[in-house]
Amino acid sequence: MGKAAALCGGGNNSTRGLVSLLSAVPCLACQELPAMSAEPGGRGGGGPAGGPPAAPGSDTYKGWLFKWTNYLKGYQRRWFVLSNGLLSYYRTQAEMAHTCRGTINLSTAHIDTEDSCNIVLSNGGRTYHLKANSEVERQRWVTALELAKAKAIRMRNNQSDDSGDEEPASQSDKSELHGTLKTLLSKLEDLSTCNDLIAKHGAALQRSLSELENLKLPAESGEKIKAVNERATLFRITSNAMINACRDFLDLAETHSRKWQRALQYEREQRIRLEETIEQLAKQHNSLERACRGAPGLSSSSTGITSTAKGSVQSAKGEASDEDEETEYFDAMEDAPAFITVTADPKHHSWYFLPRRRSGSNLSGASEGHPEDWNLEDSVFESSNQSSYNESTCKDLLPKKRRRTRIPDKPNYSLNLWSIMKNCIGKELSKIPMPVNFNEPLSMLQRLTEDLEYHELLDKAVKCESSTEQMCFVAAFSVSSYSTTVHRTAKPFNPLLGETYELDRLEEFGFRSLCEQVSHHPPAAAHHVYSRRGWTLWQEITIASKFRGKYLSIMPLGAIHLEFHSSGNHYVWRKVTSTVHNIIVGKLWIDQSGEIEIVNHKSKDKCQLKFTPYSYFSRDVPRKVTGVVSDADGKAHYVMSGTWDEKMECSKIVQSSHGSTSTEGKQKTIYQTLSPKVLWKKYPLPENAENMYFFSDLALTLNEPEERVAPTDSRLRPDQRLMESGRWDEANVEKQRLEEKQRAVRRRREAEAAEALEEGKDYEGYIPLWFERKVDAVTGELICIYKGGYWEAKDKQDWSVCPDIF
């Protein structure tokens with residue numbers, strides 16, 4: 001497959017070759033080939049019917065053969081194509097247009113015959129067991145294969161620097177390189193001509209100036225003429241230096257051309273090795289999955305399933321088939337939780353396989369459940385399926401107050417990076433103003449509030465009688481906060497110290513939220529949400545970031561607390577790492593990776609969620625999230641699965657058992673579950689969202705002007721408001737003014753602190769307006785907790801404590 005992909009790549013770079021491998025793009029050898037091939041015979045034919053085998057000089061040989069797949073299906077009829085030293089096969093002739101099922105390179109393959117009709121092809125770790133319809137057909141194929149192998153070996157031996165399937169690409173690259181050098185040479189000749197003209201005119205100019213010097217002119221005029229003469233001389237010297245530098249550049253390019261070719265060839269060989277390695281890994285995963293599926297009677301023969309350790313189930317006739325109709329590929333997961341789902345029972349049962357370390361998580365206990373516990377009529381999960389995502393119910397959830405549904409379209413302003421760099425010369429790093437071109441018209445406080453978009457998950461969690469069921473909704477809520485980030489690559493505005501943001505939806509959705517920027521270095525924001533429907537959420541988030549060249553890692557620090565009023569269940573979790581890719585070159589995109597551990601500190605229930613990072617080599621669903629909900633004894637109750645940008649599902653575990661231990665010290669836990677239920681599904685983006693910064697319905701309302709808010713509210717920030725209106729130039733000026741004003745306030749505080757230190761007094765520094773620092777009783781951390789007073793001040797419209805920050 002790797003060689004076929006290399007042929008398909010042609011002159012492309014290694015990235016395109018890798019893409020062709022992963023997306024199963026057919027290679028050139030797999031396309032419908034003309035003229036000289038033998039046409040297929042009838043349905044029962046085992047080889048190429050309709051004539052004698054291709055002539056020795058023929059490039060292509062086609063026909064039907066039977067290929068061994070596995071013990072369940074035995075030999076299956078497949079269409080084979082022999083071309084350019086490669087043997088490829090397909091299920092049908094129609095598949096030649098789009099899907100190649102496998103390819104083997106004959107130049108390094110061993111050809112053997114077992115009996116009168118069988119052919120065995122082996123190449124490293126790959127073995128094909130083939131059977132012809134008759135001994136005559138077998139002999140035709142063996143002859144064609146031997147001739148193709150000999151030709152492939154000759155081609156390989158005749159090429160010292162490049163392989164046979166890469167020769168067209170190398171010739172193309174060489175011709176392109178020589179064409180470039182030829183163009184450079186012609187330009188160099190043009191420069192030489194220009195240099196000669198400059199020298200000729202420069203000499204004439206100097207002669208004219210010399211004649212002027214010999215004339216009887218005032219002394220001052222003579223000095224000026226002499227200065228002009230010197231400048232003309234310098235001009236001619238500079239032009240000579242320029243042409244010499246160009247000539248040196250061309251010589252250097254010619255000298256290093258072969259070095260570049262060798263480096264390019266090395267990269268091509270590395271690409272081919274990588275493609276072959278990827279294919280081997282995919283086949284290993286495929287074998288493991290098929291072994292799990294092939295185990296009969298999953299409920300009664302777990303032994304057959306648990307014996308699927310690495311390499312334990314393979315066909316006695318070589319590797320297992322990679323062309324099964326139901327084949328699925330799954331990414332390699334080293335740490336729990338990572339699941340492989342296989343249908344086990346048509347009566348809504350599924351099996352989940354969880355690899356874990358023997359000394360790993362506390363999900364060690366096997367659990368037993370009963371299907372009747374999954375009550376479809378009384379369970380809160382049922383109401384989740386019916387109420388959250390039904391179109392009519394979504395209309396019922398619309399707020400009573402009419403709010404805006406769009407903002408001005410994003411202007412199409414080009415970003416001149418050179419002008420930004422030019423303005424940064426000679427300035428301190430902390431004083432470099434970043435233009436609003438990198439921003440979206442929301443502050444970090446508003447983005448933090450946006451986590452409440454799916455607050456109804458917590459309203460449903462209140463109604464759960466079981467703490468483990470409630471944990472499922474909390475886990476879905478923790479994942480839903482990332483759904484808005486998939487398209488949002490722009491940076492929110494950094495809040496000013498003392499800046500606040502309120503979101504009062506008490507009458508509409510039963511909650512009210514308050515955020516405040518409580519620290520500037522390091523930046524930290526405190527958040528408090530109260531819901532009259534039975535829950536309170538609070539957090540203090542500090543952002544740490546690391547620039548790693550091609551990408552930027554953003555690590556939110558701080559715990560999120562959630563407490564339910566009636567049950568007293570207190571949940572704590574932390575956010576995962578967000579990564580912004582292609583910072584320097586390419587299109588920006590965001591990924592989430594890491595693990596979240598949600599702990600109920602009252603019941604000691606836990607949920608382990610794993611955010612799988614995106615991988616080019618993975619055949620799994622991108623942005624995947626998996627997890628397990630377990631009680632205080634480590635007994636697993638629910639399996640969580642989904643994606644952080646789409647939906648989350650929950651499946652109740654009815655039975656679990658342990659599999660065998662692999663050589664890496666990992667053990668598989670096998671979960672049998674009931675059918676999954678959707679807990680959370682992302683709302684569709686509003687119309688024209690791509691021109692409105694990809695804002696969701698809630699995000700469109702976050703910066704909507706409101707009356708009676710505090711004077712420090714983010715809605716009143718002028719630079720942010722100007723950017724939203726499309727006046728970016730004015731927004732940049734206003735942003736620079738606000739940042740300078742904040743620096744002046746910080747310098748004043750530093751001076752006050754220094755003065756207090758000289759006088760031997762204590763200096764408290766900045767004190768948050770609506771939050772106070774306390775030691776959290778659960779985590780033991782010093783965090784900012786809401787102390788009250790904001791909503792009372794809003795009712796009285798008494799904002800005397802608010803500073804003038806705008």
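Trainee: How many disulfides does the count come to?

Mentor: This is a predicted model. A disulfide needs a pair of cysteine sulfur atoms within 2.5 Å. By this rule the count comes to zero.

Trainee: Which cysteine sulfur is nearest to that of C607, and how far away is it?

Mentor: C607 is in no disulfide. C607 is also buried, with a relative accessible area of 0%. The nearest cysteine sulfur is that of C472, at 7.0 Å.

Trainee: Is C117 buried or exposed?

Mentor: Buried means under 20% relative accessible area. C117 has 19%. So C117 counts as buried.

Trainee: Which residue of β4 stands opposite L86?

Mentor: Strand β3 covers residues 86-90. β3 and β4 pair in the antiparallel sense over four bridges. Opposite L86 stands N105.

Trainee: What should helix α15 span, and how far apart are its end C-alpha atoms?

Mentor: α15 runs over residues 728-758, 31 residues in total. At 1.5 Å a residue, the helix should span 45 Å. The end C-alpha atoms agree with that, at 45 Å.

Trainee: Which elements do the buried residues of α15 pack against?

Mentor: Those buried residues include W728, L738 and A756. E734 and K735 are among them too. They pack against β11 (491-493), β13 (511-520) and α14 (718-724).

Definitions and conventions: Residues numbered from 1 in each chain as written. Predicted model: local features only at pLDDT ≥ 70, side-chain atom pairs only at ≥ 80, totals over all residues. Heavy atoms only, no water. Pairing = 2+ DSSP bridges. Helix = DSSP H or I, 4+ residues; strand = E, 2+ residues; numbered from the N terminus. Buried < 20%, exposed > 50% of the residue type's maximum accessible area, 1.4 Å probe, protein only. Expected span 1.5 Å × (residues − 1). Contact = heavy atoms within 4.5 Å.
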